[in-house]
Amino acid sequence: MTDLYTSQRAMRNMRKAAMQRGVIAILDVGTSKIACLVLRFDGPDQLREQDGVGPMAGQSRFRVIGAATTRSRGVRFGEIAVMNETERAIRTAVQAAQKMANVRVDHVIACFSGAEPRSYGLAGELDLQDSVVTEQDVSRVLAACDVPDLGPGREVLHAQPVNFALDHRSGLGDPRGQIGHRLAADMHLLSVDADVVQNLLYCIKRCDLELAGLASSAYVSAISSLVEDEQELGAACIDMGGGATGLSIFIKKHMIYGDAVRMGGDHVTSDISKGLQIPLAAAERIKTRHGGLYATGMDDREMIDIGGDSGDWEKDRRQISRTELIGIMRPRVEEILEEVRATLDAAGFDSLPSQQIVLTGGASQIPGLDGIATRVLGQRVRLGRPLRVQGLPQAATGAAFASAVGLCLFAAHPQDEWWDFEIPSERYPARSLRRAVKWFKDNW
Amino acid sequence: MQSLTALRAPGGAYGPKMSGHSPRRDPAPSKWAYRLQRLLLTPGIRAFLFRGLPIIVLLGGVSIWFGHEPNRQALIAQLTQLRADFEARPEFLVSLARVEGASDDLAEVVRVKLGLTLPMSSFDIDLDAARLRVEALDAVQRADLRVRSGGVLQVLITERDPVAVWRTAAGLTLIDATGHRVAGLVARTDRPDLPLIAGDGADLATPEALALIDAAGPLTPRIRGLVRMGNRRWDIVLDRNQRVMLPEKNPVQALERLLALDHAQDLMNRDILTVDLRSDRRPTLRLTPHALAESRRAQGIEIVENEL
């Protein structure tokens with residue numbers, strides 16, 4: 001754990017350096033596409049206050065100056081399966097985005113959907129030495145959280161303090177400077193497969209880029225798709241990607257649960273491909289152009305040319321009705337949603353005060369999905385599109401770019417993580433010089 | 001490795017199969033193409049490539065070209081030719097020298113002294129040198145040369161004004177108020193209007209002499225000239241061989257005292273040879289021998305005179 005912990009610290013420093021330089025790249029490594037956005041940070045003085053619309057959620061501090069997507073290769077279930085293929089795809093996206101931005105980017109913040117995220121709720125308590133809560137106390141109480149056994153080969157991806165409680169007052173966002181005796185903290189910890197992260201790190205390193213941050217795509221797409229009151233009151237964001245469907249639950253503007261279902265739009269495509277005996281690319285085309293989930297009488301009469309260039313006239317002239325297509329797609333989508341439902345139930349989503357569910361991601365664009373989702377997940381389902389950010393091309397404003405846009409917001413306003421707090425001086429090695437320095441700093 | 005390439009093939013080949021074209025090329029840049037693009041987007045490299053390199057190439061080319069001696073010579077020759085052509089244009093041709101403010105004789109001399117073979121280009125005329133040459137003439141106090149439009153060289157001459165005639169052993173000279181020579185003079189009668197001065201260093205003390213002549217008043221018609229004695233003081237020579245010896249200091253006041261004496265006692269009309277004013281305590285008179293004898297006789301003093 002300490003390995004990724006220290007590298008997360010290094011990433012945070014790298015992100016600060018990138019902010020200083022003003023340019024940072026966003027990389028969304030998905031199963032069906034790899035998106036790269038280049039952000040330029042203007043600084044607060046360049047805000048256009050006089051236009052009437054002030055900075056919304058802080059996103060006007062940056063501007064997207066380059067955007068590129070490419071078909072993803074070598075990625076399965078949101079995890080890197082073929083390293084050099086993925087590397088080439090990343091290079092393609094980064095190069096095109098750099099070309100559009102006309103600037104070289106060295107720092108990149110990446111997100112991925114796979115690696116089997118698992119959520120843990122952590123709690124820690126601490127008796128304060130003096131009655132005022134200092135930053136040291138916050139880091140001590142975070143250090144006092146007992147970390148569960150994550151299992152072999154697991155690393156911490158996110159570890160965010162969610163709630164602080166001081167004596168009997170809970171729900172504190174920032175306890176610093178407050179007076180009390182006993183400080184308690186709740187922390188949400190998301191662990192992922194270490195190997196997957198290492199692969200991604202290695203891939204990005206091979207592209208001559210430096211990683212300035214890592215995030216789970218379920219988390220970042222919730223940042224961009226959930227509106228503020230949904231984040232505050234409690235909502236689940238379901239990011240239906242190509243190979244994995246991410247799931248995150250927000251309440252009080254903090255993620256309290258994250259998970260992923262290893263199924264997505266690519267499975268629908270492969271079902272079509274298998275069912276109709278056509279190549280995957282043709283299946284993808286048919287899915288996006290004619291796909292749907294609710295069959296009507298009209299769909300019986302709408303015939304779709306399947307095409308193909310096998311040379312066999314009979315095979316190449318096949319037609320199916322849209323109803324048949326829907327008949328192939330619907331069970332798979334229902335299966336995905338059932339899985340999501342099961343995960344939500346396991347997470348205890350029922351007990352949340354607000355049961356809002358937001359569907360986003362590329363696969364959420366299937367017509368009729370909201371109807372099926374209402375049946376499977378509950379009444380309060382809506383389709384979410386990412387927040388609009390400055391300079392984003394029109395082509396990149398769809399639901400498929402929810403995690404890329406969320407990553408932009410994450411880069412501009414990162415959540416405090418465990419490793420952003422200083423290590424409490426007790427945790428330093430006993431004979432460390434830094435411990436002595438810290439002791440002096442704390443006491444004088 | 002072969003199997004991995006085959007894995008890539010489905011993704012890359014499906015679209016083209018439908019459209020019937022040859023398999024689409026992999027859009028991914030090669031590692032080196034990617035690195036090159038990133039290198040070219042680096043600000044320092046960009047600045048170097050788009051500004052520094054062209055400048056270096058340009059400077060290098062120029063310096064190599066100049067390093068070759070014949071090239072340099074040819075360029076210099078060409079530039080010289082261009083300059084000469086430009087200077088030889090009729091717009092810059094000076095064809096006439098107009099001398100103003102000088103008498104005809106002097107103008108002729110000035111023209112000769114200018115030493116310019118007109119017509120010539122105004123770039124070739126060294127106006128300063130020409131001015132110095134003209135000003136070297138005694139009769140010219142000051143010369144202004146300027147090239148006017150229409151190819152005219154205007155020479156504005158301020159002549160020296162002769163104020164006195166200086167007689168030396170070599171002859172007569174006209175001098176101006178500063179004592180500078182203006183011209184020679186053949187005979188005193190050519191300029192009877194000017195006072196005559198003589199003696200060593202008389203020209204340098206001309207202002208003093210002029211002041212004395214101004215102050216002479218009723219004596220003026222009788223003045224034959226002024227003689228500088230020992231390059232230090234003045235004698236006024238009057239007609240009837242009378243001589244007024246003035247002191248070294250304040251000669252004008254001494255002269256005024258003499259005039260007062262003359263006015264009171266009609267001194268200068270008497271038979272006096274010399275009035276010596278060198279001492280300011282008393283004027284000393286020297287009588288003519290006849291007057292002296294007469295005076296002595298009137299006083300009853302008998303002296304023996306002989307030819308010796």
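**Close-up views of a predicted model**

A:R15 has its place in helix α1 of chain A, which covers residues 2-21. This is a predicted model, where local features need pLDDT of at least 70 and side-chain atom pairs count only at pLDDT 80 or more, while totals for chains, interfaces and linings use all residues. Residues are numbered from 1 along each chain as its sequence is written, and chains are lettered from A and ligands numbered from 1 in the order in which they are written.

**View 1. A:R15 and its surroundings.** Helices here are DSSP runs of H or I with at least four residues, strands are runs of E with at least two, and both are numbered from the N terminus. A:R15 counts as partly exposed because it has 18 C-beta neighbours inside 10 Å. (Buried means 20 or more other C-beta atoms within 10 Å of a residue's own, exposed means 12 or fewer, and partly exposed is in between; C-beta atoms are placed from the backbone.) Leaving aside residues up to four places away in sequence, A:R15 touches A:A212 and A:G213; a contact is a pair of C-beta atoms, placed from the backbone, within 7 Å. A:V108 sits 93 residues from A:R15 in sequence, yet their C-alpha atoms are 8.4 Å apart.

**View 2. Chain A as a whole.** Chain A holds 14 helices and 18 strands. Of its 444 residues, 47% are buried. Take the contacts in chain A with a separation of 6 or more: 72% of them link residues 24 or more positions apart.

**View 3. Helices α2 and α4 of chain A.** The axes of α2 (residues 83-101) and α4 (residues 194-206) in chain A come within 9 Å and cross at roughly 50 degrees. Axes are lines fitted to C-alpha atoms, for helices over the stretch in contact, and angles run from 0 to 180 degrees between N-to-C directions. α2(A) and α4(A) are therefore oblique to each other, since angles under 35 degrees count as roughly parallel, over 145 as roughly antiparallel, 65 to 115 as roughly perpendicular and the rest as oblique. On the α2(A) side, A:M83, A:T86, A:E87 and A:I90 make the contact, and on the α4(A) side A:N199, A:C203, A:I204 and A:R206 do.

**View 4. A five-stranded sheet in chain A.** This open sheet runs β14-β13-β12-β17-β18 in chain A, with mixed pairing; strands pair if DSSP finds at least two bridges between them. At its edges are β14 (254-261) and β18 (381-383) of chain A, each pairing on one side only. From one strand to the next, the twist averages 20 degrees. Inside the sheet, β12 (residues 235-240) and β17 (residues 356-360) of chain A run parallel and are joined by five bridges. Look for A:A235, which stands opposite A:Q356 in β17(A).

**View 5. A nine-stranded sheet in chain B.** Here the open sheet has the order β8-β7-β6-β9-β10-β11-β12-β13-β14 in chain B, again with mixed pairing. β8 (181-185) and β14 (284-287) of chain B each have a single partner strand, so one side of each is left without a neighbour in the sheet.

**View 6. Around strand β6 of chain B.** With β9 (residues 196-199) of chain B, β6 (residues 164-168) of chain B pairs in the parallel sense over three bridges. B:W166 stands opposite B:I197 in β9(B), and B:R167 has B:A198 as its bridge partner there. With β7 (residues 171-175) of chain B, β6(B) pairs in the antiparallel sense over five bridges. A hairpin of two residues joins β6(B) to β7(B), and B:T168 has B:G171 as its bridge partner in β7(B).

Terms used:
Contact = placed C-beta atoms within 7 Å.
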